Amino acid sequence: MMYKKILVPTDGSEFAKKAQKHALFLAKVTGAEIVAVSVTENNFVSGLPLDDEVRQLNQILNERSEENLKEFDKLNKDDLKITHVIKEGSPAKSID
């Protein structure tokens, strides 16, 4: 087996969708599992008082990350295994 797991960061962009399609192809031919990661970039709220508006903004950002992963699932016509991961913070630092 060439690959066991394929890490696919996603942000809902057209570039991400192209990478998702390629990852699905690789997973299909190799039997690999896909780990799809969406990062809720909320660094700009750090240091702000944790009030209802900040909580609501975080909720909206997390919902967007969930939506990005659901959109990825819609591309999965072959019912391949995709594990969803949502992280918070800077995408560059959060994706490992």
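## A tour of the three-stranded sheet

Start by showing the strands: three of them make an open, parallel sheet in the order E1-E2-E3. Strands here are DSSP runs of E with at least two residues, helices are runs of H or I with at least four, and both are numbered from the N terminus. Two strands count as paired if DSSP finds at least two bridges between them. E1 and E3 (82–88) are at the edges with a single partner strand each, so one side of each has no neighbour in the sheet. From one strand to the next, the twist averages 25 degrees.

A word on what is on your screen: this is a predicted model, in which local features need pLDDT of at least 70 and side-chain atom pairs count only at pLDDT 80 or more, while totals for chains, interfaces and linings use all residues. Residues are numbered from 1 along each chain as its sequence is written, and side-chain values use heavy atoms, leaving out hydrogens and water.

**Stop 1: strand E1.** Select residues 5–9. Ile-6 and Val-8 are on the covered face, whereas Lys-5, Leu-7 and Pro-9 are on the uncovered one. Lys-5 has Glu-33 as its bridge partner in E2, and Val-8 has Ala-36. To get from E1 to E2, the chain passes through helix H1 (residues 14–30) in a right-handed β-α-β crossover; right-handed means that, with the strands pointing away from the viewer, the path from the first strand over the helix to the second runs clockwise.

**Stop 2: strand E2.** Eight of the eight residues in E2 are buried, that is, under 20% relative accessible area with a 1.4 Å probe and protein chains only (exposed is over 50%, partly exposed in between). One side carries Glu-33, Val-35, Val-37 and Val-39, the other Ile-34, Ala-36, Ser-38 and Thr-40. Towards E3, E2 pairs in the parallel sense over seven bridges, with Val-35 opposite Thr-83.

**Stop 3: the helices.** H1 lies across E1, E2 and E3, at about 170 degrees to E1. H2 also lies across E1, E2 and E3, at about 155 degrees to E2. These angles, from 0 to 180 degrees, are between N-to-C directions of lines fitted to C-alpha atoms, for helices over the stretch in contact.

**Stop 4: the core.** Select Ile-6, Val-8, Leu-24, Ile-34, Phe-72 and Ile-82, which have the most contacts inside the largest nonpolar core, a group of 13 residues. Such a core joins buried Ala, Val, Leu, Ile, Met, Phe, Trp, Tyr and Cys residues through side-chain atoms within 4.5 Å. E1, H1, E2 and H2 (52–75) each give two or more residues, and H1 gives the largest share, four. Centre on Ile-82: leaving aside neighbours within four places in sequence, Ile-82 is in contact (heavy atoms within 4.5 Å) with Leu-24, Ile-34, Ala-36, Phe-72, Asp-73 and Asn-76.

**Last stop: Asp-79.** Go to the loop between H2 and E3 to find Asp-79. Asp-79 is exposed, at 71% relative accessible area, and its phi is near 55 degrees, a positive value in a residue other than glycine.
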